[in-house]
Amino acid sequence: MVVEKSADFEVPEAQIAVHWREEEYIYPPSKFIAQANAGDPAIMKRFSESNYPECFKEYADLLTWDHYWHTTLDTSNPPFWKWFVGGRLNASYNCVDRHLAKNRNKAALIWVPEIETEATQVITYQELHRRVNEFAALLSDFAGLKAGDRVTFHLPMVPELPVAMLAAARLGIIHSEVFGGFSGNAAGERIADASSHVLVTIDSYYRNGQLLDHKAKADEAVLRAHDLGFDVEKVLVFQRHAGSYGSQTPMVAGRDFFVDEVIKPYRDQLVEPVSMPAESPLFLMYTSGSTGKPKGCQHSTGGYLSYVAGTSKFYQDIHPEDTYWCMADIGWITGHSYIVYGPLALGATSVMYEGVPTYPDAGRTWRIAERLGVNIFHTAPTTIRMLRKLGPDEPAKYDYHFKHMTTVGEPIEPDVWRWYYNVVGKGEAAIVDTWWQTENGGFLGSTLPGLQPMKPGSCGPGVLGVFPVVYDEDGKVVPAGSGRAGNICIRNPWPGIFQTIWGEPERFVKTYYEKYNRDPNSHDWRDWPYFAGDGAVQASDGYFRILGRVDDVINVAGHRLGTKELESACLTLPEVAEAAAVPVIDELRGRAVEMYIALKTGFTASAEMEEKVALAIETEIGRIARPKNVWIVADMPKTRSGKIMRRIIASISNFADVGDITTLANPEIVHDIRMHVQGEKVAKGDVPRELTNSELEEIKSFGAES
Ligand code: PRX
């Protein structure tokens, strides 16, 4: 990826100096240190660069292999790394069967429905084994799927989701879960991209006290996939309430089947786990990038599972007796790695919650923690901000005690971090701020909780066996302690790294490796740094502070939204001539999206048109992408070559200085847009707080990457 150094943008991200107050270290409580899985500093030595890549044997040895592997890392076809080559294993066996001998009746999953009067489901390893086997039998026999086929799930936070994932994994079927909050169209596109003939969905689920009709989305998904030239053969429909159908849409004869009915012949059937090569794909997880099309990140079986097991042990500090609760959604990578695969590979008890953390009131999260005896808690800054806003004093009212807490998904402000530490953690818990991405399988940057002090707002150094570096635009190392930002990269492959973008190997190489590759013919991993797409600064102690994306991706509440995806959604409307998405700083969600729209001649701005644009985004992507504001403007500020200057409208939305506009083709439009947008915002009381230096830099350089 090459940065366009046009006259409009002369200061590349990598050369921006970022100033902030260095935070003090906070040391983990001694009680935590005494029991930490990684309590012995010798672990740092075992995972030092001189022991790389063999150090990862320690992670792989947490698993049960059918055939042990012979080569730790095969670099013969860079950057398509292969881990634990020659090894064979089954992910479902590792997460379920192997725990039966000792922990048959231990809770594997505890599912908490959103409606508080509904019963919590405790699913033991024995029960999970039974459910996974039955669903695997159905996938194989009724749905006709076999190893290497893809199956798409469009499921919310219900226990059927991990059951379905583990059932697919049992047969070597590659699962592709689409976040339940995504629209039917978004699911349809992912179905077509992965060529999944089978879609697994549910009739309905609860969100904020409402039973949402989810099956309707399956019909849209099938239609969209069909429009893209791909036909879904079977839709398997779970039911949120056994025996009743919670959707308004009819079941389509010959295509739609209630799981409860078609699973009957498979009751109590056992399905042998298929022994899969370590490098066979386990699942796809789609994420947004700089172009319109979502990327299907393909994760491996052996490398991925080893990595999530190892990081769950040492960074989540999961012990067999812990009750672990990650509040992420399994529809995102965090849920795959740190609700399902990591904790279950370790035989832990993993809690799942169906709904909104503050439903029906701001104490809900802490009531669940108290009632279930949760002692490890994992969530995102956006949720922490929301919990603080709605119930700053709630945690103190409940008798729970966390030994460990995680934050993930976006930068956390030191002030929010301190509330998390003091109020949620009651000063008793070690916190890890884990930096990583859908592409990475597991953590990349974090403190090792028993051995390294915490620093609010910084994720910490690279994790065990992962060696990050900050490069400037020319590939020169930006030294630690220089105060300068650059592009954070990882110098070496690690077992959790995704294998490719499904069906797009060239895009994979171009997006993640081309920028800093030293020699395309080299088979030495040292010549292939991984480009993460985040700006970062490294302090003199080696800790990284992540600043955010350097590409056209907006991180809303920890979820990546591509500007191109948002813009193409708007362009589905016949009235829209041009669309531009920009981020605005948002107190709760970190960033929110604002859309700027220019209409075709003959159409006029109206509140209805604004709503139509917002709805188009909900229909194409999902409610999470709904813009905070839609601004219909007479024209976009453009360069003389016709490029929309997103950084200028982003500055207007955020009340930042628009900078030099004299080189624009239409500088006069900037004044008009500012009057319109800022005038309305002031009237609504929607004026942001003063931005920090790094936020200002982010806004001022937005859209700079081509
Ligand atoms: O910008 C970084 C931000 O989230 C992006 C990855 O998003 P996604 O693939 O959806 O995965 C989120 C959960 C793994 C990154 O490129 N990000 C993630 N974690 C952090 C973060 N930014 C700052 N601090 C973090 N701890």
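Helix α6 contributes the most to the lining of the second largest pocket, with four residues. Helices here are DSSP runs of H or I with at least four residues, strands are runs of E with at least two, and both are numbered from the N terminus. The model is predicted, so local features need pLDDT of at least 70 and side-chain atom pairs count only at pLDDT 80 or more, while totals for chains, interfaces and linings use all residues. Residues are numbered from 1 along each chain as its sequence is written, and side-chain values use heavy atoms, with hydrogens and water left out.

The second largest pocket has a volume of about 430 Å³. Among its 22 lining residues, R131, E160, F238, Q239 and D260 are closest to the centre. A pocket is an open set of points on a 1 Å grid over the protein atoms alone, where a 1.4 Å probe fits, with protein on both sides within 12 Å along at least five of seven lines; lining residues have an atom within 4 Å of a point. Points are joined across faces, edges and corners, and the volume is the space filled by probe spheres set on them. Two or more lining residues come from each of α6 (125-142), α7 (160-171) and α10 (259-262). The lining holds eleven nonpolar, three polar and eight charged residues. Ala, Val, Leu, Ile, Met, Phe, Trp, Tyr, Cys and Pro count as nonpolar, Asp, Glu, Lys and Arg as charged, and the others, Gly among them, as polar.

Helices α11 (residues 302-314) and α12 (residues 333-345) have axes that come within 8 Å and cross at roughly 85°. Axes are lines fitted to C-alpha atoms over the stretch in contact, with angles from 0 to 180 degrees between N-to-C directions. The two helices are therefore roughly perpendicular (65 to 115 degrees). Their contact (heavy atoms within 4.5 Å) includes Y304 and L305 of α11 and H336 and Y341 of α12. It has eight nonpolar, five polar and no charged residues.

The whole structure holds 53 salt bridges (a side-chain nitrogen of Lys or Arg within 4 Å of a carboxyl oxygen of Asp or Glu). One joins R491 and E49, at 2.9 Å from N to O. R491 lies in the loop between β22 (486-490) and β23 (500-501) and E49 in the loop between α2 (42-46) and α3 (57-60), so the pair ties together parts 442 residues apart in sequence.

Most peptide bonds are trans. The bond joining Y52 and P53 is cis, with omega about 0°. P53 sits in the loop between α2 and α3. The bond from P78 to P79 is also cis, with omega near -5°.

Key: Angles under 35 degrees count as roughly parallel, over 145 as roughly antiparallel, 65 to 115 as roughly perpendicular and the rest as oblique.
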